Structure formats: C-alpha cells, structure tokens
Amino acid sequence: MLTELTAADLSRLIAAKEVSCVEVAEAFLGRIESVDPKLGCFLTVDQDKAIACAQNAQTLVDKGEGGPLTGVPIAVKDNISTEGIETTCASKILKGYIPPFDATVVSLLKQAGMTILGKTNLDEFAMGTSTENSAFQVTRNPWDLDRSPGGSSGGSAAAVAAELAPLALGSDTGGSIRQPAALCGVVGFKPTYGRCSRYGLIAFGSSLDQIGSFAKTVEDIALISEAITGNDAMDSTSLSCPPIASVHLKSGSLKGLKVALPKELFGSATHTGVLDQIHNAIQILQGEGASFTEVSMPSIELGVTTYYIIAPAEASSNLARFDGVRYGVRSEGQGHIGVVERTRAEGFGHEVKSRIMIGTYALSAGYYDAFYVRAQRVRSIMQQEFERTFQDFDVVLSPTSPVPAFKLGELNLDPMALKLLDFCTIPANLGGMPGISLNCGFTDNLPVGLQLMCAPSEDEKLLQIAYSVEQALPNATKRPSIA
Amino acid sequence: MSISLDEVRHVARLARLALDETEILSLQGELNALLGHFEDIQVIEGSGIEPKSHAVAIQNVWSEDLPGRTLSRTQALSNAPVSRAGLFVVPMIIED
C-alpha cells in the first residue's frame, strides 16, 4: 500500500513515474476518510485543494522539474497559516479564520511541489501536552485509542503514526513535537531555534517557538528539513544559515561517539518501563562503539518552573492581539473594553486563560524582577551548562517523555503532572538546541521515545547521529495496526 | 507567597478577561499552586548572571528599505468581524 511507504520511497516512485502524484494524494485522502473518524487527527481536510496541488506536482514531474519532495503529501498543524484554508489554533476565538497569506514554511512546501492534505489538531494555541485542550475534538493515540497522542502537536504525530500522512509539520515551544512523537512512536525533530522561519506561525512563546517535522524515518526528516529551513527576511530571529543540508546520511558505526547522560533527565519520576527501554538502547549503542558518561546539569531541575514563567509571559503579550477587531469572533459587551473582555473570555478555553493570567501576573509591577528576570537568569545558567557539556560530548541522550502514552482524561485532575511531561524536552527550547525523538522500544505495547540533543546549529550532525542510532535500534520504525 | 481573590480580579482586568466568579476561584487555586513552584527559582543567585531573553542572540537585524507586496485592503479586512467602508469597525471609544 502506498500509505505504508516513507516519503523517500514515495519520492522515488513518483520520480520513476511508477505512480502519479494524484494517485499518491488519493491514497492518503482515502485512508484519512476511512481511519481518521476513529482518531480525530485532522481539523480540516480540503480534498479539492489537495488534488489540485497533486495535479500541479505531476505537471512538474512530467516536465522533468520535480524536486525530491514533489508530489509527497504532508499534514500541517493548525497553528501554521495556510492561505485560503481555515486556521484555528484549535480555538473558538479563531473559528472561521481564513489566513490571507501563507506562513513561510507553507510557501516552501508549495515551492517544493508538496501536496498539503489538511490541518491537524492541537492543544488550543499549542498550550498543552495531551491535545485534550483542543476546543473542537479529541485526538486518539493510534497505539491505543483510549490514550492521548501527547501534545501539543498530537494531531500531526498521530497522523504520521497511523499513516494518514507520510510527513507532518508541528511546532515545538516546550516539547510539542518531540513529546507527541515519543508517545506515538514516530520521529519528531525540532531544529535549532531560528533555522525555520516563524513567519505565519501563530505565536505562543516567541523566544521558544520553533517549527519542525514528524516522519517515519530520520531520512524523511532530513528531506523535509532541507525544504523548510533557511534564512527568511520576514522573521528577524531567523538565523543566517543555509537550509539544513539533507546530508547524505551515512550508515556506519557509532564508534567514538561521545554521549552525555544528564542524570537530572533520568529522574525518579521516570516510568520504569521507559527507563528499561532507554537503558536497553544505551546497551545496544555501546555495542556499536558509542561511549556514555553520566553528567550533571543542576539547572535542568529548574527548567519546568523557568519555562512556566517565560512561556506564559510571552504568551500573555502575544495573545493580546485577539481582541475581536481584525479577525476571529467578536462577543457583545459594554463599550470597547467590554467587547474585548467578553470576546476573550468567551473565545479562549480555560488553559489559555490560565496561562495568560500567569504571564500577566509574572510581568506585572512588583513581580517582574522576582519572576521573569530571574527565570531569564536560570535560562542563562542552563545555556552555559549545556555549552560546557557540548565542549566534551557530541550529543546528549535522555528519555523524551518520562512516561508512555497516558489515558485520555487521566492527568486532567492534576495540571502540574501534565506540565511535568515536558521536563525532558524544555531544555532544548530554553537553550535553542536542536532535539529529536526516536522510537527505541515498547513498554506494555506503548512506544518509548529516546531524545538526542546537539549544540545549537549542529542540526546536520544531530540528524546523522539519529540516523545511525535508528539503524542500530531494532524497533525504531515499527507501526501500529489500525485500519 | 499566595495570591488573593482581589489580586486575581485585578490581573484578569489587566489581561482583558471578563472572568466569572467560578473561574476566578479556580484560577486562584491554579495560580497559587504554580506560585509554590515559582519559589524554586528564588534560590538562584541574582547577581553576576546576565538574564537571557533569547535562545540564540541575534542583534541589529537590518533590511533594505524597499517597496514590496503587502496585503490589499480587501484581504486585510477579509476576516474582520465588522467592517464598513474599507475600515475595521470598533465599538465607540469616545462618548458624545
């Protein structure tokens, strides 16, 4: 079946004209139609637009002008602006919003001739770790329909895991690509902050947000990363680096690779099944010639607290734009301020309001220095600790999530438990490092994610290491059976 | 450290959120739980460490002052809840 193939394999078949771009698009649209009602990955699927994309792609292929991803389908998280396709951030406040422009990454997908299948579900404004905060629907984990796919990019992760799309875009502010990738057993990659333009990504925490991708293999991640990264004049925080080269990933041993294991990321809260699988993977990689050393980076312990000051502070400012004037819904109210206050109270869900309140409080007079500035100091210390670690080591390895997929509703009663799910992923956002999650095994039939991080801008090196690790691990590309 | 109901109402006002009393109460609980955790970072010595506002420091990003394509007025207004005569309509701000 076409839907079982990787993006790289689809690309080869398309280039060899063994299959047409429209056939590929129809295969995925058909699977979405039959399987997605069980999963709830997509908020919007525009079949006509997808087929039109595929027809254009085929014209390019026929003229001999196709690129490596021409005709390959992709799903896009619904906080990334798509011209002419509704973009809601899974929030009632943006219901019906049709962006008049494309995010830079979406323009790049179109330039590459890719077929955009639709928009995927997320926690409202990407605030959450379970995709349960969506205002519109629940997304289920394809490995166990009673469980969460993780979040906030849960729709994208579950779509790739269930083979509704070979590739998907997500955004990662504190782990929102890597954590759902781990819980769904796929590869999830957050590039170095600034490698991917944020223009058109509806902002949550601007100093932390980064667009990245989901795929079934590291090779596919390299392909899509090359297409969507690079400097962009529309995003002044974009790095002036060339796109991530889809390095000719080399098979080979891990001989001489120096791996750091921060003991703080293997904390007491980690599920024993997760720990077992990670240790098992470490043993396999040792057999391949990698050396492992336990290190300590004490600031990691303060990561979640630091994140839950900085991200809401930035969010409270970014979300001030939703005032019912230029876009989105507008509620009735007394005078201008009354309208704004009612619009926001009725348009935002509880988690979003909660984070706006935290951020507003942390930035308010009298608390700014105690919370926000101090959190920025912790961020500084953490960056220094990682910098020192990367002087001696090639890569940092840890679990991606301290727990495997949890039952829907299970953690809702304890908001702090949900927040702790980001514990292992937050450092890469605070420090700007690239991070990737790979499946390294299973515990009770649920996938376990292994996270690798390299120094900022070492995205190519990270992908090469991840490729070798993927080759060495036996379970890395196993898929759930859902039809 | 804890936050009173009146402080929650004040912050909601600053954040332009018309919250009902049930929400005010529940947010007071959530904020207080988080504030407990915020205490953790008070152990960090403040002096001598430069606060970092960004992951990757970039400064002075300039661009050429060139004309370019922007949204048309129709496109810019296409999502407005209320618009008239090519303008966004807002509730009256200055009373007669």
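Where is Ala16(A) found? Ala16(A) lies in the loop between α1 and α2 of chain A, where helices (H or I, at least four residues) and strands (E, at least two) are DSSP runs numbered from the N terminus.

## Basis of the model

This is a predicted model, in which local features need pLDDT of at least 70 and side-chain atom pairs count only at pLDDT 80 or more, while totals for chains, interfaces and linings use all residues. Residues are numbered from 1 along each chain as its sequence is written, and chains are lettered from A and ligands numbered from 1 in the order in which they are written.

Ala16(A) counts as exposed because it has 9 C-beta neighbours inside 10 Å. Ala16(A) is 45 residues from Val61(A) in sequence, and their C-alpha atoms are 9.4 Å apart in space.

Val61(A) is one of the buried residues of α3(A), the others being Ala50(A), Cys53(A), Ala54(A), Ala57(A) and Gln58(A). These residues lie on the same side of α3(A) because they cover an arc of only 140 degrees around the axis; the arc is that of the directions from the helix axis to the C-beta atoms. Asp48(A) and Asp62(A), on the other side of α3(A), are exposed. The cover over the buried residues includes α1 (7-15), α2 (21-39) and β3 (115-120) of chain A. The helix itself, residues 47-62, has 16 residues and reaches 22 Å from its first C-alpha to its last, close to the 22 Å expected at 1.5 Å a residue; the expected span is 1.5 Å times one less than the number of residues. Just after α3(A) comes Gly64(A), with a positive phi of about 75 degrees.

## Helix α7 of chain A

Helix α7 (residues 218-228) of chain A is largely enclosed by the rest of the structure, because 10 of its 11 residues are buried. Among them are Val218(A), Asp220(A), Ser225(A), Glu226(A) and Ile228(A). The buried residues of α7(A) pack against α1, α4 (104-111), β4 (167-172), β5 (187-190), β6 (210-215) and α15 (459-472) of chain A. Gly230(A), which follows α7(A), has a positive phi near 125 degrees.

## Strand β11 of chain A and its partners

Strand β11 (residues 446-453) of chain A is also largely enclosed by the rest of the structure, because 8 of its 8 residues are buried. Two strands pair if DSSP finds at least two bridges between them. Strand β9 (residues 395-399) of chain A pairs with β11(A) in the antiparallel sense over 4 bridges, and Val396(A) stands opposite Met453(A). Strand β10 (residues 435-443) of chain A pairs with β11(A), again in the antiparallel sense, over 8 bridges; here Ser437(A) stands opposite Gln451(A).

β10(A) and β11(A) form a hairpin with 2 residues between them, and Asp444(A) in the turn has a positive phi of about 50 degrees. Asn445(A), in the loop between β10 and β11 of chain A, has a phi near 65 degrees, a positive value in a residue other than glycine. Asn445(A) is exposed, with 10 other C-beta atoms within 10 Å.

## A cis peptide bond

Gly151(A) and Ser152(A) are joined by a cis peptide bond, with omega about 15 degrees. Ser152(A) is placed in the loop between β3 and α5 (154-161) of chain A.

## Chain B

Chain B comprises 3 helices and 2 strands, in the order α-α-α-β-β along the sequence. Its radius of gyration is 23 Å, whereas a compact globule of 96 residues would have one near 12 Å; the radius is taken over C-alpha atoms, and the globule rule is 2.2 Å times the number of residues to the power 0.38. The C-alpha atoms of chain B fill a box of roughly 55 × 45 × 25 Å along the principal axes. Of the 96 residues of chain B, 15% count as buried.

## The contact between the chains

In this model, 57 residues of chain A are in contact with 41 residues of chain B, contact meaning that the C-beta atoms, placed from the backbone, lie within 7 Å. On the side of chain A that touches chain B, α12(A) gives the most, with 11 residues.

Key:
Contact = placed C-beta atoms within 7 Å. Buried ≥ 20, exposed ≤ 12 C-beta atoms within 10 Å, placed from the backbone.
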